[in-house]
Amino acid sequence: MGFTAADHHYMSRALQLAEGGLYTTTPNPRVGCVLVKDGQVISEGWHEQAGQPHAEINALQKVGAGETAHNATAYVTLEPCSHHGRTPPCAETLIAAGVTRVVAAMQDPNPLVAGQGLAILRSAGISVDSGLMESAARELNIGFVARMTRGRPWLRLKVAMSLDGKTALNNGASQWITGPDARRDAHAWRARSCAVLTGFGTVRDDNPRLNVREVETSRQPRPVIVDSRLETPLAARIIDGRPLIFAAIDDAGKIAALTARGAEVVVLPNAAGKVDLAAMLTELGKRGINEVLVEAGAKLNGSLLLSGLVDELLIYQAPVLLGDKARGMADLPELVELSGARRLTITDRRMVGVDQRILARLN
């Protein structure tokens with residue numbers, strides 16, 4: 001069927017509600033729900049945190065006194081679940097509530113659901129429509145979709161650079177290329193990420209915390225360090241965040257010392273004696289990590305790009321020039337033909353304070 005203007009209006013509101021869980025729902029998707037009856041919104045809800053009621057249940061529980069969801073339409077940004085997880089199946093709860101129509105933005109990519117929720121609703125005689133504002137719903141849960149469909153998270157590589165593409169002076173100085181507005185915006189991207197990935201070189205040179213400080217959040221992303229030789233200092237500030245460290249050597253003494261400080265070490269070597277980056281991302285996917293924000297140096301950035309593991313670039317470009325001798329964003333081999341250039345699609349470009357923010361996807 002064709003969707004009406006009212007359908008678009010209510011689904012737009014459901015997507016807005018879903019954003020309420022932007023920082024908190026990991027490893028679950030961000031989902032919103034609007035209940036409409038006789039042309040009026042009777043309740044709204046969103047999934048607020050893993051282990052707590054899903055969006056549909058939240059909305060049903062908030063229906064006002066003297067009102068019921070009988071004969072109502074439910075607008076949900078993701079197919080209602082059909083399996084017993086930490087909470088009961090939402091599809092069955094909607095049926096029991098007497099909802100007569102369900103409009104879903106998209107089918108759930110989770111193999112445990114994957115159309116079964118919609119099928120259960122249809123078998124109960126409920127009118128079901130799917131696909132309304134699907135692209136917006138997918139974007140909201142791009143990491144969840146990536147993990148469910150390919151087994152690894154969405155990898156977003158963040159870079160702060162000058163107008164001539166430099167990320168630090170030749171002596172390593174890089175604070176601060178961009179302005180306070182850009183740094184605050186970058187913290188919002190940290191907050192929505194499940195993990196922040198960096199390399200030992202950045203830990204050694206900058207001693208970062210890589211936590212969220214500029215925006216309010218009830219959940220901090222997990223710090224992840226690529227450290228082939230387990231050289232991360234025990235006094236490094238990032239250790240306070242109980243990081244997950246990926247190494248290429250199985251050094252019992254170093255592992256014990258890091259573990260005693262609250263870190264977790266996973267040994268995943270490749271044939272070259274470095275960390276197997278693809279295997280690392282698969283491991284993060286198994287741990288329920290949906291979105292990873294990379295805040296690293298040129299070496300790790302280059303390795304991730306060369307491995308084809310980067311999905312998206314988040315670039316903050318400041319109106320300054322650092323010169324040819326300054327450091328670039330990624331160590332990549334020299335090209336001798338332009339045909340070998342990696343093509344990007346810019347999906348968003350805007351000013352953040354005095355700096356330009358660019359979102360670009362790898363083709």
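The side chain of Asn-290 makes a polar contact with the side chain of Arg-147, at 2.6 Å; a polar contact is a pair of N or O atoms within 3.5 Å, where within protein one must be able to donate a hydrogen and the other to accept it, and residues adjacent in sequence count only if both atoms are side-chain atoms. This is a predicted model, in which local features need pLDDT of at least 70 and side-chain atom pairs count only at pLDDT 80 or more, while totals for chains, interfaces and linings use all residues. Residues are numbered from 1 along each chain as its sequence is written, and side-chain values use heavy atoms, with hydrogens and water left out.

**Asn-290**

- Asn-290 sits in the loop between helix H10 (277-286) and strand S12 (291-294); helices (H or I, at least four residues) and strands (E, at least two) are DSSP runs, numbered from the N terminus.
- Asn-290 is buried, with a relative accessible area of 5%; buried means under 20%, exposed over 50%, and partly exposed in between (1.4 Å probe, protein chains only).
- A polar atom of the Asn-290 side chain lies 3.1 Å from the backbone oxygen of Pro-27.
- Leaving aside residues up to four places away in sequence, Asn-290 touches several residues, including Asn-28, Gly-143, Phe-144, Trp-154 and Cys-194; contact means heavy atoms within 4.5 Å.

**The nine-stranded sheet**

- Nine strands form an open sheet of mixed pairing, in the order S11-S10-S9-S8-S12-S6-S13-S16-S15; two strands pair if DSSP finds at least two bridges between them.
- Strand S11 (264-267) and strand S15 (344-352) are the edge strands, each pairing on one side only.
- From one strand to the next, the twist averages 20°.
- Strands S10 (residues 244-247) and S11 run parallel and are joined by four bridges; Ile-245 has Val-265 in S11 as its bridge partner.
- Helix H6 (residues 142-150) lies across strand S6 (154-161), S12 and strand S16 (355-362), and runs at about 135° to S6; axes are lines fitted to C-alpha atoms, for helices over the stretch in contact, and angles run from 0 to 180 degrees between N-to-C directions.

**Whole protein**

- The protein has eleven helices and 16 strands.
- Its radius of gyration is 23 Å, close to the 21 Å that the globule rule gives for 363 residues, so the protein is as compact as a globular protein of that length; the radius is taken over C-alpha atoms, and the rule is 2.2 Å times the number of residues to the power 0.38.
- Of the 363 residues, 51% count as buried.
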